[in-house]
Amino acid sequence: MSSTGQATGGVDSLLQEHRQFAPPVEAAARAHIKSMAEYERLYRLSLEDPARFWGERAGELHWFKKWTRVLEWNAPDAKWFVGGKTNLSYNCLDRQVQAGLGDQTALIWEGEPVAPGASYEIRRLTYRDLLRETCRFANVLKSLGVKKGDVVTLYMPMVPELAIAMLACARIGAPHSIIFGGFSASAIRDRVEDAGSRIIVTADGGWRRGKVVPLKHTVDEALNLTDKVRTVVVFQRTGQDTPMKSGRDHWWHELMATARDTCPCEEMDSEDLLFILYTSGSTGKPKGIMHTTGGYMVYTYLTSKYVFDLHGYGENGQATGPVDLHWCTADIGWVTGHSYVIYGVLPNRVPTLLYEGAPNFPDQDRFWDMIQRHRVTIFYTAPTAIRAFMRWGDQWPARHDLSSLRILGTVGEPINPEAWIWYRKHIGKDHCPIVDTWWQTETGGHMITPLPGATPCSPGSCTRPFFGIDAAIVSKEGQEMPPNAGGFLVMRKPWPGMLRGIVGDRQRFVQTYWSQIPGCYFTGDGARRDPNGNFWVMGRVDDVINVAGHRLGTAEVESALVSHPRVAEAAVVGIPHDLKGTAIAAFVTLKAGQQPSEALKEELAKHVVKEIGAIARPEQIRFTESLPKTRSGKIMRRLLRELATSGSVKGDTTTLEDFSVLAKLRESDEG
Ligand code: PRX
């Protein structure tokens, strides 16, 4: 099995798995799931009687009409909570106001200082505020002609208005398609065209490290490339000069000024589309992953409750103990932000913290300072960020009182044991359990993860499957592998948060996820399970690279490179990187008559950034006269990876068509 991701397996993790950290006593005392015995019992029940397990949990939320069947499964198509009618915006907001929590904080937002030395902007929105603003923006969308089923594109900075816009979409049944603010104009064009979206909500800009990210400008560029979009709504965040196109562009604040404060919720069928989120695959352009209303809602609600062990206000509006403050540092433009900044957290009646900027602005203790000032109790971030914190030094967290923290989480890529141990010691002060949550855009929510009051943790392992998740390690033929043997990570049963398809591409949906391993959902990851039943994820086994927790397809980066007029052919591989986990190395052959140069390398790197976004910028670009290919014409990425990582190739080259290419690659490397 080949792996493009950063492998945390091998001797290191074999040693680490014997080092187990039991949940601290205080974590278990008030936890929803208090022991492994309780986990095991519920886990068994959830697999044996999913209708009962999920039916009971779904009953904790509000439904306009109850479902008639919990699950209808015709592989690969699942319908959950069949016939049920609900609304996620209602479960995030209205329900809380009705319980008497109108004046309690639902969302705290902190912005970047807009000028050197300026103080931070902080906004606190109560459930009543958030409901009112959501209703107003829902009315704005309606007044612009948006109806149930129309896809609304959101390209926004991390401001409360992004949460308001997504909750407004959910309220009126208009699926949102959120595009991370780092993506380029071409990426926006591809996504709005693929989703058939005719409206974009954006901002004049967002603040990052003291600079303005000019979002509206990028939208304008995108709209020069497509004529599909009729309406643009612009939230004013930075006040920078922003040209507005008459008839197409509208200011958010002008539309909101006259919008009504109330807006009834659309009664959504459980299987009505809630949102589309684009993610990279191993071939072609990013695919629009579809998530529907009922299953996603129940799944993100329950994973938030158990995995972060959330304690909020009760149904009667009373809290039985301290109320958590949840901080997931992911941008809402990624699935982690969808599920664990907004949709899973608010129905638990726990306030969520939203931060606009970078972790090192104005200083490298920005996160620790925020945790201290807001008294954050649950902190969820990515291994790549933790590695950066380690590099910046222990003195930054040491300056702050982090005693409010009780649970730490990580997501997005395998965490190396050193980073795990550092996180536990310097941020968790050896008393916070760490939940290493394995999941994907496609899965909607956490799939394999510790439960903080129950699961003993080993650094680098995401431990055990969540309730209802039948995860297994299998061979290509679908045979379950013995303990410690590597194989493909699959799911053998449906779960409520699972994707329902890819926009406009049934065949790709079936082919990518349901055809590789007989009868199973294929994750694209390689993993092993140790004799204690804990999972150890190694990374992707397909042509997807995970750069600093962000997913990119090698094909996507290659086609960006090949779209440059001087490039003939390109091959992209992932290479290990201290901070990012994996970085991009590109091998490029130039068209006849073109000369390699350092300046051209820089130009190509910039070209990729322009085509996709800054996250796709190659770490290394190497010029070569041709690429190593098998006799059937397939690029031998394994050799390129080896070369980019170690500078030489030792592996088997017997199927290589032109051996001389290797020598040339080495020459170009040295030159
Ligand atoms: O390879 C796995 C890795 O990230 C992939 C999913 O990427 P994406 O859809 O962008 O979602 C990221 C956030 C949920 C997976 O196929 N991955 C995610 N979490 C972990 C992980 N690898 C190891 N350990 C994790 N905790």
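Predicted model: local features only at pLDDT ≥ 70, side-chain atom pairs only at ≥ 80, totals over all residues.
Good morning. Let me begin with Pro76, which sits in the loop between strand E1 (69-74) and strand E2 (77-82). Helices (H or I, at least four residues) and strands (E, at least two) are DSSP runs here, numbered from the N terminus. The peptide bond leading from Ala75 into Pro76 is cis, with omega near 0°.

Residues are numbered from 1 along each chain as its sequence is written, and side-chain values use heavy atoms, with hydrogens and water left out.

Two further backbone features deserve mention. Phe361 and Pro362 are joined by a cis peptide bond, with omega about -5°; Pro362 is placed in the loop between strand E17 (352-355) and helix H13 (366-374). Arg209 is not a glycine, yet has a positive phi of about 50°, and belongs to the loop between strand E9 (206-208) and strand E10 (211-213).

I turn now to the domains. The assignment gives domain 1 (13-87 + 270-540), domain 2 (97-266) and domain 3 (544-670); such bounds come from an automatic or database domain assignment. Taken over C-alpha atoms, the centres of domain 1 and domain 3 are 33 Å apart. Their contact, meaning heavy atoms within 4.5 Å, takes 19 residues from domain 1 and 15 residues from domain 3.

How much area is buried between domain 1 and domain 3? The value is about 1,400 Å², and carbon and sulfur atoms give 48% of it. Buried area is the accessible area (1.4 Å probe) that two parts lose on being put together, summed over both. On the domain 1 side, Ser280, Trp334 and Arg540 lose the most area to domain 3, together 36% of what that side buries.

Two salt bridges are counted between domain 1 and domain 3, each defined as a side-chain nitrogen of Lys or Arg within 4 Å of a carboxyl oxygen of Asp or Glu. Separately, the side chains of Asp578 and Arg391 form a salt bridge at 3.9 Å, N to O. Helix H14 (residues 383-392) supplies four residues, the largest share of the domain 1 side that touches domain 3.

Finally, the ligand. Which residues are closest to the ligand? Of the 16 that surround it, the closest are Asp436, Thr437, Thr441, Asp525 and Arg551, where a residue is near if one of its heavy atoms lies within 4 Å. A polar side-chain atom of Arg551 is 2.7 Å from an oxygen atom of the ligand. A backbone N or O atom of Thr437 lies 2.8 Å from a ligand nitrogen atom, and for a backbone N or O atom of Gly412 the distance to a ligand nitrogen atom is 3.1 Å. Thank you.

Methods
Polar contact = N/O pair within 3.5 Å; in protein donor to acceptor, adjacent residues only side chain to side chain.
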